[in-house]
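Here are some friendly notes to read alongside the model, written for someone opening it for the first time. Keep the viewer at hand and follow the points in order.

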Amino acid sequence: MAEVIELDDPGDPRLADYRDLRDVELRKHLEAEHGLFLAEGEKVVRRAVEAGYDARSFLMAPRWLDGLADVLAASTGPVYVLPEPLIEQVTGFHVHRGALASLRRRPLRSVDDVLAGARSVLVLEDLVDHTNVGAVFRSGAALGFDAVLLAPRCADPLYRRSIKVGMGAVFSTPWTRLPDWYEALPDLSRRGFATVALTLGPDSVPIEEAVAGVDRLALVLGSEGHGLSARWEASADRRAVIPMAAGIDSLNVAAASAVACYAASRR
């Protein structure tokens with residue numbers, strides 16, 4: 001059972017995992033160096049622990065102890081308890097949902113492992129916004145996708161903001177990073193997936209048509225600004241578009257992923 005430790009000093013060195021959460025670059029360096037990530041909010045903390053992630057520690061205000069009592073009872077990491085104003089001094093912002101956990105990262109899974117038994121897969125190229133990555137994971141999980149593959153330059157799906165927006169979908173969805181960006185889509189084709197790239201290319205067909213009759217689908221989404229690279233657009237088996245009203249040519253990648261996942265789920 002986790003030990004509850006009441007603190008009254010926001011400068012206590014035991015709180016180092018939770019400092020400066022608004023500084024993205026600092027957090028990326030710290031989390032990579034120490035092999036950790038943070039979960040924020042009662043539901044997300046619960047989902048992370050229930051998914052088997054090992055908690056280094058917890059940080060919360062007193063009123064959140066009861067709601068997470070069963071989770072804490074099954075954990076060994078210490079629980080640091082501070083008044084909410086002091087927690088804000090540690091993190092740099094008000095933690096609306098009251099609880100944080102610092103958890104240990106796991107080694108990345110192999111592509112073979114992630115794709116085993118998968119029928120519907122999301123493939124992301126260079127999505128650099130953590131919010132969008134979290135939203136795509138959430139849409140995929142909600143609409144029955146089995147796995148997510150990320151190109152090397154995609155934002156970290158275990159970054160706090162990404163996890164929060166995705167409501168912890170990253171804990172239930174198998175995922176990994178692609179080791180070979182250039183051959184990523186041809187490799188998926190060789191594995192028996194039809195790779196369907198969402199793009200405004202001249203030969204794109206409506207998404208419903210592109211996924212019709214497809215058994216094993218790899219739905220490919222590009223970056224927020226420029227979309228897919230020329231290499232990925234050309235090497236996809238099919239190109240697809242979401243039909244829209246005149247005057248609007250595209251959606252934010254998070255919204256587009258939800259629409260495309262829904263269309264794919266009905267194939």
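1. Asp20 is partly exposed, with a relative accessible area of 42%. On this scale buried means under 20% relative accessible area, exposed over 50%, and partly exposed in between, using a 1.4 Å probe and protein chains only. Asp20 sits in the loop between β1 and α1. Helices here are DSSP runs of H or I with at least four residues, strands are runs of E with at least two, and both are numbered from the N terminus. This is a predicted model, in which local features need pLDDT of at least 70 and side-chain atom pairs count only at pLDDT 80 or more, while totals for chains, interfaces and linings use all residues. Residues are numbered from 1 along each chain as its sequence is written, and side-chain values use heavy atoms, with hydrogens and water left out.

2. Leaving aside residues up to four places away in sequence, Asp20 touches Leu26, Arg27, Val90 and Thr91; contact means heavy atoms within 4.5 Å. Asp20 and Thr91 are 71 residues apart in sequence, yet their C-alpha atoms are 5.3 Å apart in space.

3. Asp126 also deserves a look: its phi is positive, about 60°, and it is not a glycine. You will find Asp126 in the loop between β6 (120-124) and α6 (130-142). Is Asp126 buried or exposed? Its relative accessibility is 15%, so Asp126 counts as buried.

4. Asp12 is buried, with a relative accessible area of 11%. Not counting residues up to four places away in sequence, Asp12 touches Leu7 and Arg19.

5. Now zoom out to the domains. The domain assignment gives domain 1 (4-104) and domain 2 (111-265); such bounds come from an automatic or database domain assignment. The centres of the two domains, taken over C-alpha atoms, are separated by 31 Å. At their interface, 15 residues of domain 1 are in contact with nine residues of domain 2. Together the domains bury about 1300 Å², with 64% of it on carbon and sulfur atoms. Buried area is the accessible area (1.4 Å probe) that two parts lose on being put together, summed over both.

6. How many salt bridges join domain 1 and domain 2? The count is two, where a salt bridge is a side-chain nitrogen of Lys or Arg within 4 Å of a carboxyl oxygen of Asp or Glu. On the side of domain 1 that touches domain 2, the elements giving two or more residues are α1, β2 (36-40) and α2 (42-50). The largest share of that side, four residues, comes from α2. By type, the residues of that side divide into nine nonpolar, no polar and six charged. In this grouping Ala, Val, Leu, Ile, Met, Phe, Trp, Tyr, Cys and Pro count as nonpolar, Asp, Glu, Lys and Arg as charged, and the others, Gly among them, as polar.

7. Glu40 lies in strand β2 and Arg160 in helix α7 (residues 160-165), so the pair ties together parts that are 120 residues apart in sequence. Both Glu40 and Arg160 are buried.

8. By this rule the salt bridges come to 19. One of them pairs Asp70 with Arg46, the closest N and O atoms being 2.7 Å apart. Asp70 lies in helix α3 (residues 69-73) and Arg46 in helix α2, so the pair ties together parts that are 24 residues apart in sequence. Asp70 is partly exposed, with a relative accessible area of 46%.

9. Last, Arg105 and Asp156 form a salt bridge between their side chains (2.5 Å, N to O). Arg105 lies in the loop between β5 (99-104) and α5 (111-115) and Asp156 in the loop between β7 (147-150) and α7, so the pair ties together parts that are 51 residues apart in sequence. Arg105 is partly exposed at 28% relative accessible area, whereas Asp156 is buried at 17%. A network of salt bridges links Arg27, Glu31, Arg105 and Asp156.
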